[in-house]
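Today I'm looking up a few strands and a chain contact.

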Amino acid sequence: MSNRTTNLLVPIISVILGLLVGAVIMLVSGYNPLEGYAALWNGIFGDMYTIGETIRQITPYLLAGLAVAFAFRSGLFNIGVEGQLIVGWFAAAYVGVAVELPKIIHLPLAIIAAAAAGALWGFVPGLLKAKFHVHEVIVTIMMNYIALHVTNALIRTVSGGGDRTESIFASASLRSDFLENLTEFSRLHLGIILALIMVGVMWFILEKTTLGFELKAVGFNKNASQYSGMNVNKNIILAMVISGAFAGLGGAMEALGTFEYVSSKGGFTGIGFDGIAVALLGMNTPLGVIFGATLFGSLKYGALNMPNAAGIPIEIVEIVIAVIIFFVASGYIIRLLLLRASAKKKEAK
Amino acid sequence: MEYVIEMLNIRKEFGTFVANDNITLQLQKGEIHALLGENGAGKSTLMNVLFGLYQPEGGEIRVRGKKVDIANPNVANDLGIGMVHQHFMLVENFSVTENIILGSEPTKYGITNKKDAAKKVQALSEQYGLNVDPYAIIEDISVGMQQRVEILKTLYRGAEILIFDEPTASLTPQEITELIQIMKRLIAEGKSIILITHKLKEIMDVSDRVTVIRKGQGIGTVITAETNPNDLASLMVGRQVEFTTVKGKAFPGEEILDIKDLVVQDYRGVEKVKSLNLNVRKGEIVGIAGIDGNGQSELIEAITGLRKVKSGTIYINGKDVTNMKPRKVTESGVGHIPQDRHKHGLVLDFPIGHNISLQTYYTKPISKSGIIDYNKINEKALQIIKDFDVRTQGPTELARSLSGGNQQKAIIGREVDRNPDLLIAALPTRGLDVGAIEFIHSRLIEQRDNGKAVLLISFELDEVMNVSDRIAVIHDGEIVDIVTPENTSEQELGLLMAGHTEHKKSQDLTKKGEDQHVE
């Protein structure tokens, strides 16, 4: 079997296997898998509205996935995307409510504020890693909690004791009449364009710039990078800052597009953590992240329709979705089985 | 004739790549059988098959005439096959006995019985004349002694057949002589030995027969007494090989590297380089001879800016480069072939083309205002690959998948191509075969002849003697003497390296000499 057919077959077989096992789970729980999957399908592609909402759901996953993938490519494990996304969300919303400016200034300013906040949240673990060899996993996990509770406190202060800010001024919003009209008034916003541009930005940095060459070299082998005169510490910090900025932009999508405000949270959004899976599904490449985010976003959003349309409890739905993603992530095992099968065939000949 | 081990027509494939193709090796009882081949020829693969780490696709293995299936290393152990690894597998802060019993600890009422084990180790040590103290801690004993612990480990487990993998790689000349005696003693006691090496001299000294493999193919087995190093080398490489490095007289010019009273500490704060003085001039090769761990690594790292200097100064071309950043040192005209090519020399997961530009990727014409041009990187790579005969599928092949010799050629190409005034070559031929060694030596000499300064660090006396114009002997962080190859001998160097400076003057200074150098 040629490499290309294997590469194509693996994801297809993975998804089919995932769907099959998901169907078994629904069957033994006493629900009709056909109805369930029909509901899932309609939840994703049912009409223009659901398509719009699905794309909206994909948007922050794209940026969270980029953040994790970028750090991975530089040899760093950024578990702090969640926290960076939360501070980005707050920063964008704050700029959105605090001042009213012409759109051409206000919107970019709010976006930049989100990226800067995420970058700052990435800078701290980067600095600690570079200067004191503190492992970035520990610091980023802890930074997540700090982000969650600090933003909650700030939201209370800003809103005068409430649990959410005012809605942002229209001048800072990513919403677009055109997209809303097109998708039967879904919350689809212009953020998807920004997210796709960022996919290009990540590709450009890694594949076209001298900086990208250094980041990848440091990620693979710090000793050889140091030997060849690269500033290893600078590159570690920079990688975390850029990664954090991507995550912060993910927060801006929620602040300026989906919700147009920020509310205090009882727990994490989960987008940042799902970003780890998105990046790994996409093998840490920019194009792969699009694939991973699309899979995640579609399943997550489409699944919401399963309890309503097919009467399947949300707990079962979550298990089914997890199983499908699990099988996609296990592509390695399927690849191995395919290789075995083709080797056997060769022997038989 | 009785064979203790027969590997008949062994074939081992990795995907489409055939690592061993129809190789036959028959080990007689009580012989030392050398396995000779270039790097990547398939020696390790063959031994891993024998040791049960790989399963062969074809052929069969017989032990004492009986066909066996060695499914894993435990089976090999039970069959009495023991391996003395090139890189010792010892726990540094454990005692000799503890290391030997590790994994099969004898117990008495559930408690490890070290006393009896130590007695058994002592007895074995005496039987084979190994002279090992069972209670010594590994980190306190010499490399040669550590190797004997590895040998004891296999004997303790009842090995009848011992495989030595490149056993002399890190030994001093004296230790090599002792090792050869130990191997002969083992044979006298009825053991059989397979010796993996590409050092022809050792093969001639100790082995009874030699099996040669080349590019995965079994070339054949010859009786050592009926062959000579030249024939063996051509069998191994497949062409004629020059042994004595051809080199003309040196014409040294002004000083390029000048080191004054250099003191360098290791990461624990221990002084590894102690008030060292050294200079290297244009158009000469200065070899630093010494036993591993006498400050060579710290010295190079200090020169190249990878390690902080405690005191003293380093001048390159008259410019003070002490404690400068590595890139500044490089840009002052230094090329550096690092001693560990996997750790420092290459980003193994980068394509070989990227690695060839590892020192120049940020300069014009490869990079312009922060944008890198990978076409230029590949152009450069193709040129180096051609000029330095790097055998690779092309610039985009991962550095990891090249053989050691070709990785090293790529590094040397990268460093030499920048035309540095000072080329530092640290163990440039470590682990390479004669063909590659010959190539690398001639490149170093070519640099010298082009008026460059070359600083060579090596643990191999042959190499230091053959290539250097002056030899600086390092011991315990100091240069204890500077000699010329014409006026010294391996014996004298060995003693100097071990710190015996007083013997020096009484040595006969006319040994060796003329035949080393073609004027």
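Which residue in S9(B) does Val84(B) stand opposite? I found Phe164(B) there.

Before going on, a note on the source: this is a predicted model, where local features need pLDDT of at least 70, side-chain atom pairs count only at pLDDT 80 or more, and totals for chains, interfaces and linings use all residues. Residues are numbered from 1 along each chain as its sequence is written, with chains lettered from A and ligands numbered from 1 in the order in which they are written.

**Strand S6.** I see S6(B) (residues 81-84) running parallel to S9(B) (residues 161-165), joined by four bridges. Strands are DSSP runs of E, at least two residues, and helices are runs of H or I, at least four, numbered from the N terminus; two strands pair if DSSP finds at least two bridges between them. Ile81(B) and Met83(B) point one way, Gly82(B) and Val84(B) the other, and all are buried (20 or more other C-beta atoms within 10 Å of the residue's own, C-beta atoms being placed from the backbone).

**Open sheet.** I noted four strands in chain B, ordered S14-S13-S16-S17, with antiparallel pairing. The edges are S14 (271-281) and S17 (319-320), each pairing on one side only. Seven bridges join S13(B) (residues 255-265) to S14(B), and Ile259(B) stands opposite Leu278(B).

**Chain contact.** I count 22 residues of chain B in contact with 14 of chain A (C-beta atoms, placed from the backbone, within 7 Å). On chain B, H10 (326-331), H11 (341-345) and S20 (371-372) each supply at least two residues of that side.

Terms used: Two residues are in contact if their C-beta atoms, placed from the backbone, lie within 7 Å. A residue is buried if 20 or more other C-beta atoms lie within 10 Å of its own, exposed if 12 or fewer, and partly exposed in between; C-beta atoms are placed from the backbone.
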